[in-house]
Amino acid sequence: MAVEKSGGAAASSSSSTAAMDRFQKIVLSWDYLRLVAESKGGKQAKGLQRVKDTYKSVADYLGVFEPLLFEEVKAQIVRGRSDEEEEDAGLDWQRVAVGLCAESEGFHKFSMAVENDFRENVGENDLVLLSKEKFEEGVTPTAYAFALVEQRGGSATISLRAFLAGEIQNLNVSKPVNAPRLQRFASILAAESSTLWILKVCSLSTIMREFTAMHSVASLPFKDSILSAAEKHKDGDDQSRAWNVPQPLMDHLKANLNDSQLEAVNAGLSRRSFVLIQGPPGTGKTQTILGLLSAVLHSAPARMKTKGGFDVQRHGPELDIDGKYAHWVKASPWLLGANPRDLIMPVDGDDGFYPTGNELKPEVVSSSRKYRAHVLVCAPSNSALDEIVLRVLNTGIRDENNNTYNPKIVRIGVKAHHSVKAVSMDYLIQQKLSGVDRTLDGGRRGAGEYDRIRASILDEAAIVFSTLSFSGSSIFSRMSRAFDVVIIDEAAQAVEPATLIPLVHGCRQIFLVGDPVQLPATVISSTAQKLGYGTSLFKRFQGAGFPVQMLKIQYRMHPEISIFPSKEFYEGVLQDGEGLSKKRPWHSYTCFGPFCFFDVDGVESQPPGSGSWVNQDEVEFITLLYHQLAMRYPELKSSSEVAVISPYRQQMKLLRDNFRLTFGDQSKEVIDVNTVDGFQGREREVVIFTCVRCNKEQKIGFVSDFRRMNVAITRARSAVLVVGSASTLQKDEHWNNLVESAKERNRYFKVPKPFGAFFAEDNLETMAVKPQKDPRPPEQNTEVMEGMNEAAMGREFDAADQADAGDDDDADMDADDGGGDD
């Protein structure tokens, strides 16, 4: 059976369906045992290309990304089964009965009777493995195939589809290769009362949506920008398309955003198709997003703004004869076959029209929401998304008159945090249903009613929040209003196909907000990773020279902490906000911050059956270090104040076990222990970072990833304490620079065994910070103090008059509220 390759005609739903059929036929044809064997062999598939900054055509684009995406699918399948075994031993092989089977659209579609516990643990687009024989040691399966769950049927049944025409071994060759295992499997499905073994492998929902979005590039209005990584509009054109922000709102933005944040908002108001905003740690990225939302929802296009609302453009200068002819043609559109009605612009804003960039076909919206854009806000993870939702709920946004209000919003998807439940889709549906009289239809609620309510909630909301993956859900297809603006937070943490998912909803402007020098996207396939599949759309655009708005003032870290990441990762442009140099009690000792490196030559080891690493010596030292901090400064004995983070999950588990032995069940309350990846977007007063790796060969694995390093050392407000082996780490350029920086500032400490001796009182005394003596004579100091007191008395009267009027600007300039998954 031929598998047709979808081309650039993905504009229609039929082309999208063709692309998905192609994906499913390719994946379902694969041989599971061959995939496992190839993953162990380490050979790179043929015909793979490295991700480029720019592309000549859609075919060139798909020719690079599609094979890499399929490499990622293979890796997810191989790894997916081992993850399932760890998480839920109950999802093991089960015996199932085959029901009705029919061939349709090139697939075998059939139902199966399964046990309820298995049915409850699978969902739509889950990949399962079906086999005549159970996969066991010493058994060679003869008839087996992948199948995709289409839906869960009634009690103890599921519907599936399989592709049994043969194996597709070459993406560029449409004809499948005959496979005896699939032929034997097809005969089993055709037989009556046959049974099979079934095993859940993984979910393909997210990567299927990425594949569909990737194939939709050809139909996107900004296709050329995506391929060329360049803006198609010139600066002058941007100005003519720019938004006018009402003066009261602009005054608020100027007063509450710093210069770099305001520049980022203004770049968005120019209405360029793509706006990239880089938010280094603690630079108020979420604050900037809130400013963007206020501006986008309460502004109007400059060329259409008039006193009375929206009006036609005023007459220009007298035209020459050629110009007049051109306008006569426009004035008589029926001569060219156009419909005159489509060319009528609204005369008054009260008509409820919203200009969408296409002056000929304005969008009609509710008169209660005149001129407002429909905004979609996305993030790669649920936790990152809920951080923004919570901020909108807690602080609201500003309207055109600078009044704070809570816009109508909805958070769609699964795993919403309990703090944002009030705006979750499921909760809002129940609220609407509770006000409906059910006596007329006997209390029945059909699926159609739920779909209508979902669509109405999406249309009514000014802002819709969704993860990138869920933005590809079919729920969006029922909307009557397209999105005008899409804002993607943590955009540098998503692979490019994932970033494309929300763009298919007809948006006209995209904001990519993130930081390419913090954690990248997670890519399971080492082959795809090496060839750049983990490169985000943000990073690719930046690499091609696309303009990036950098937020330059950080409001989190003590200057002694920020000086290194600013120089190492941000070309020295990162500046410190006011009040960050405040001395904490623990700064009385040089070994307790603000910045220290403890050189511990421990012993690394790898737990059996694990690809992770641990270092028991670093765990022992960190336990003593924390004990000293908590004993001397009781305010730090809290998980909200101190965190220990590690690149390795097994080291995290070892630390948690160790703290549990020391502090009992209250260990989670006294200290937060997590991985670096799980801590992005979060912060603590004191952060201890354990590097783990220690060996003579100076191998440090992914600890060498400077982005992970950047995240680790920028989580702390007042003290970052790095524990590692300098001799092992210094082979890496960035780590060598960090160790040398610590030495230059006298914040490098060699810690020999026994570790307890390091914290002995006589040794700590040598690390005590001596108070600086004032070189001036005592009598001069007295005069200076008297002068300062007089000046202070004068200021007290001025401050009393202004106490109620002033706002704490720094309170609004919170640290980066992005989110990493916990």
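Which helix gives the largest share of the positive patch? Helix H21, residues 649-663, does, with three residues. Keep in mind for every view below that this is a predicted model.

View 1. The biggest contribution, three residues, is from helix H21. Arg649 has its place in that helix, H21. With a relative accessible area of 51%, Arg649 counts as exposed, because the cut-off for that label is over 50%.

**View 2. Strand E30 and its two partners.** Here we look at E30, residues 716-724, a mostly covered strand with eight of its nine residues buried. Strand E24 (residues 595-599) pairs with E30 in the parallel sense, over five bridges. In this pairing, look for Asp599 opposite Gly724 of E30. Strand E29 (residues 684-690) also runs parallel to E30, and six bridges join the two. There, Ile688 has Leu721 of E30 as its bridge partner.

**View 3. Strand E28, pointing both ways.** From E28 (residues 672-675), Asp672 and Asn674 point one way, while Val673 and Thr675 point the other way. All four of these residues are buried. E28 runs parallel to strand E27 (residues 642-646), and four bridges join them. One spot to check is Ala643, which stands opposite Asp672 of E28.

View 4. Glu683 and Arg556 form a salt bridge, with their closest N and O atoms 3.2 Å apart. The two are 127 residues apart: Glu683 is in the loop between helix H23 (676-679) and E29, and Arg556 is in the loop between strand E22 (553-554) and helix H19 (559-569). Both Glu683 and Arg556 are buried.

**View 5. Glu560 meets Arg745.** These two side chains form a salt bridge at 3.3 Å, N to O. Glu560 belongs to helix H19 and Arg745 to the loop between helix H26 (733-744) and strand E31 (748-750), so the pair ties together parts 185 residues apart in sequence. Glu560 is partly exposed at 34% relative accessibility, whereas Arg745 is buried at 18%.

View 6. Asp705 and Arg707 form a salt bridge, the closest N and O atoms being 3.1 Å apart. Asp705 counts as buried, at 15% relative accessibility, and Arg707 is partly exposed, at 22%. Elsewhere, salt bridges with shared partners join Arg556, Arg584, Glu683, Glu685 and Arg717 into one network. The structure holds 35 salt bridges.

Terms used
Residues numbered from 1 in each chain as written. Predicted model: local features only at pLDDT ≥ 70, side-chain atom pairs only at ≥ 80, totals over all residues. Heavy atoms only, no water. Buried < 20%, exposed > 50% of the residue type's maximum accessible area, 1.4 Å probe, protein only. Pairing = 2+ DSSP bridges. Salt bridge = Lys/Arg side-chain N within 4 Å of Asp/Glu carboxyl O.
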